[in-house]
Amino acid sequence: MSIGIGLPISDPAALLGWARRADAGPFSTLGLLDRLVYDNPEPLTALAVLAGATTRVRLQTEVLLAPLRETALLAKQAATLDRMSGGRFVLGVGVGGREDDHHVAGTPLRERGRRLDQQLADLCRLWSGEPYSAEAGPIGPAPAREGGPELLIGAFKPKALARVARWGDGLLAAAPPSWVGGLFDTVRRDWREHGRKGEPRLVAQVNVALGPDSVAHEAKAAMRAYYAFTDMAEHMVRGMLTAPGDIRAAIRAYRDLGADEVMLYCWGSDPGQVDRLADLC
């Protein structure tokens, strides 16, 4: 099982240091979340910069809120990043639930699921080289990987999980081991029922903060602010793992459930966490 690092969002300029440390270590992937009405770096732009600062690790949106974006431009941006990074880009997508994000983007919140379904169909079609429409030709460049960059779906509910078998390469599940096993089983079943070959890629995500008390304090404050729009903020903060033994146990649990990768998502800005977490791998 591979282990990746989720990047903090508080200081975009510091992410180059995080990326170089992770690229030199045992980590498989760099992940970056997405919001529009928030003080975070735009993930496709940031990951493009990090692609130039690294040579080995994959670059993953975790997850990109696709319904906020125009589909043809997203297809071009993702294919460009995949091509220029040598096939290291992984597009994780989800619907997003923040009303302010959709208000600013001009996209109806209640239609985000239907919009994502259409986007996924169109993205796969455009990456395969088909014309956009009868009035417009193909949208290049061709991605590095035939058919498009690896596509992960962030989902929890059955209808959303079904998108993995219909359009994706795998699932990105930000859930604890006690919950994620059922999500994995549902995706595996849907995959077989759709007649897909091979196995879906199963990626888990857990929030961590490793270091002095100040690291955990900062990480919890950042996470509390990020989820303040919900009534789940304190629940999410309580689920953050801050002890080496707890992080090791979670990694083992995800491995036992069949995860192909676990993303250790860091909310604190201390880059020393990369080295501390590497010691647990």
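Which side chain does a polar contact of 2.4 Å join to that of glutamate 261? It is that of serine 28. Before going on, note that this is a predicted model.

Let me stay with glutamate 261. This residue lies in strand E9, which covers residues 261–266. Glutamate 261 counts as buried because its relative accessibility is 0%, and the cut-off for buried is under 20%. A second polar contact, of 3.0 Å, joins the glutamate 261 side chain to that of arginine 201. Leaving out residues up to four places away in sequence, glutamate 261 touches a list of residues that includes Met1, Ile3, Thr29, Arg58, Gln60 and Val203.

Next, the nonpolar cores. In general, nonpolar side chains in soluble globular proteins tend to be buried together. Here the largest nonpolar core has 77 residues, and the members touching the most others are Leu171, Ile247, Leu264, Trp267 and Leu277. Take leucine 277: not counting residues up to four places away in sequence, leucine 277 touches Ile5, Phe27, Val208, Leu210, Ile247, Leu264 and Cys266. Another core, of eight residues, lies apart from that one, and Val63, Val90, Val203 and Met263 are among its members.

Now the surface. Leu36, Val37 and Val104 make a nonpolar patch of about 230 Å². Valine 37 sits in the loop between strand E2 (29–32) and helix H2 (43–52). Its relative accessibility is 34%, so valine 37 counts as partly exposed.

Last, alanine 225, in helix H8 (residues 213–226). Alanine 225 is also classed as partly exposed, because its relative accessibility is 43%.

Note on methods: Residues are numbered from 1 along each chain as its sequence is written. This is a predicted model: local features need pLDDT of at least 70, side-chain atom pairs count only at pLDDT 80 or more; totals for chains, interfaces and linings use all residues. Side-chain values use heavy atoms; hydrogens and water are left out. A nonpolar core is a set of buried Ala, Val, Leu, Ile, Met, Phe, Trp, Tyr and Cys residues joined through side-chain atoms within 4.5 Å. Buried means under 20% relative accessible area, exposed over 50%, partly exposed in between (1.4 Å probe, protein chains only). Contact means heavy atoms within 4.5 Å. Patches are made of residues with over 30% relative accessible area and no salt bridge: like charges are joined within 9 Å, nonpolar side chains (Val, Leu, Ile, Met, Phe, Trp, Tyr) within 5 Å. Accessible areas come from the Shrake-Rupley method with a 1.4 Å probe; for residues, only the protein chains shown count as cover. A salt bridge is a side-chain nitrogen of Lys or Arg within 4 Å of a carboxyl oxygen of Asp or Glu. Helices (H or I, at least four residues) and strands (E, at least two) are DSSP runs, numbered from the N terminus. A polar contact is a pair of N or O atoms within 3.5 Å; within protein, one must be able to donate a hydrogen and the other to accept it, and residues adjacent in sequence count only if both atoms are side-chain atoms.
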